Amino acid sequence: MVVFPNAKINIGLNIISRRDDGYHNIESIMVPIPWRDVLEIVPAKGENSTLTTTGRVVNCEVEKNLVMKAYRAMEKHYQLPAVDIYLHKIIPDGAGLGGGSADAAFTILALNELFSLNAPKEDLAQIAALIGADCPFFIYNSPKLATGIGTDFSDINIDLNGYKIIVIKPQVSVPTAQAYAGVTPCVPATPLSSLISLPISQWQKSIKNDFEKSIFPLHPIINDIKQRLIDMGAEYASMSGSGSAIYGIFKGDKLAEDNIPTFEQCDIFIGNL
């Protein structure tokens, strides 16, 4: 079975409060985008499950890879046979795009289908939450308002049909711990769920990512890329998650691929929303 785990962006990210368990309560709108990895799962040739990665370099031990963690988590809940997993990485890591989380969630979904487990998505999302905060989102893989530590979801009314997106990932990465260390939690005056109903042309002045305030001084190139996207005519531009990827949302007729300026030493994705 072959599936194509996709990335996500965060539209707005408010750090509401620090919890007693060390995590933070947030509110953010997560939206899937069509920047995809390739994941294949087949019955194992040998007795043990394996994971083979290609594409972008994955610097971690096999058992620490989120894909293998997803398999092990499913193995604890269901009697699964051994499998061989092949992961071709295209989505950059350290970007705030949820690539690794998507790989884990799509592993869970693929195993559910491959072995006809017929588990409901709610159960699969609970398993995914054990692997990482972003993982449950990709079980549903549709626009959601994320609250709590990012694992509580509710439907959100957002229509981006006819818009294009460009995502720029510079060669810098932002460790999640570093990103949270620079944030002062604060309850916003207006909930994100209300602001998202504004016209997209008003989002830039109203919807913010709390991480930008502390991350931009540390990595000015991220701020520079955001400003370049705004100068190019983006309806809205923002850092995704804790960075370092920046995206711009454009009206369909304002983003011609042959007119995009050079972003040196950056990974670039352009697609339809």
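**The loop and its surroundings**

Reply: Ser-244 is found in the loop between β10 and β11 (246-251). Helices (H or I, at least four residues) and strands (E, at least two) are DSSP runs, numbered from the N terminus. The model is predicted: local features need pLDDT of at least 70, side-chain atom pairs count only at pLDDT 80 or more, and totals for chains, interfaces and linings use all residues. Residues are numbered from 1 along each chain as its sequence is written, and side-chain values use heavy atoms, with hydrogens and water left out.

What joins Gly-243 and Ser-244? The link is a cis peptide bond, with omega about 15 degrees. Most peptide bonds are trans.

Now step back to β10. The structure holds seven aromatic pairs. Rings of Phe, Tyr and Trp (its six-membered ring) pair if their centres lie within 6.5 Å; planes under 30 degrees apart are stacked, over 60 edge-to-face, the rest tilted. One of the pairs involves Trp-203 and Tyr-236: the ring centres are 5.7 Å apart and the planes stand at 85 degrees, so the pair is edge-to-face. Trp-203 sits in helix α7 (residues 203-206) and Tyr-236 in strand β10 (residues 236-239), so the pair links distant parts of the chain, 33 residues apart. Trp-203 and Tyr-236 are both buried; buried means under 20% relative accessible area, exposed over 50%, partly exposed in between (1.4 Å probe, protein chains only). There is also an aromatic cluster, made of Phe-137, Phe-138, Tyr-140 and Phe-153.

The backbone has further points to check. Most residues other than glycine have a negative phi. Asn-118 has phi near 60 degrees, a positive value in a residue other than glycine. Asn-118 lies in the loop between α2 and α3. Its relative accessibility is 68%, so Asn-118 counts as exposed. Asn-141 also shows a positive value in a residue other than glycine, with phi near 55 degrees. The loop here runs between α4 and β7 (144-147). At 26% relative accessibility, Asn-141 is partly exposed.

What about the interior? The largest nonpolar core has 33 residues, and Leu-39, Ile-85 and Ile-108 touch the most other members. A core is a set of buried Ala, Val, Leu, Ile, Met, Phe, Trp, Tyr and Cys residues joined through side-chain atoms within 4.5 Å. The elements β4 (38-43), α1 (66-77), β6, α2, α3 (121-129) and α4 (135-140) each supply at least two residues of this core. Helix α2 gives the most, with seven residues. A second, separate core has 28 residues, including Ile-9, Ile-29, Leu-97 and Leu-192.

Look at Leu-39 next. Contact means heavy atoms within 4.5 Å. Not counting residues up to four places away in sequence, Leu-39 touches Met-1, Val-2, Val-3, Pro-5, Val-67, Ile-85, Tyr-86, Leu-87, Asp-103, Phe-106 and Thr-107. Ile-85 is on that list, and Ile-85 is also one of the residues with the most core partners.

Thr-107 gives the view from the helix. Thr-107 lies in α2. Its relative accessible area is 0%, so Thr-107 is buried. With neighbours within four places in sequence left aside, Thr-107 is in contact with Leu-39, Ile-41, Val-67, Ala-70 and Tyr-71. By contrast, Val-174 is 67 residues from Thr-107 along the chain, and their C-alpha atoms are separated by 26 Å.

Tyr-71 leads on to Leu-80. With neighbours within four places in sequence left aside, Leu-80 is in contact with Tyr-71, Met-74, Glu-75, Leu-111, Phe-115 and Leu-117. Leu-80 lies in the loop between α1 and β6. Its relative accessibility is 12%, so Leu-80 counts as buried. The C-alpha atoms of Leu-80 and Phe-115 are separated by 7.8 Å, although these residues are 35 apart along the chain.

Tyr-236, in strand β10, pairs with Trp-203 in helix α7.
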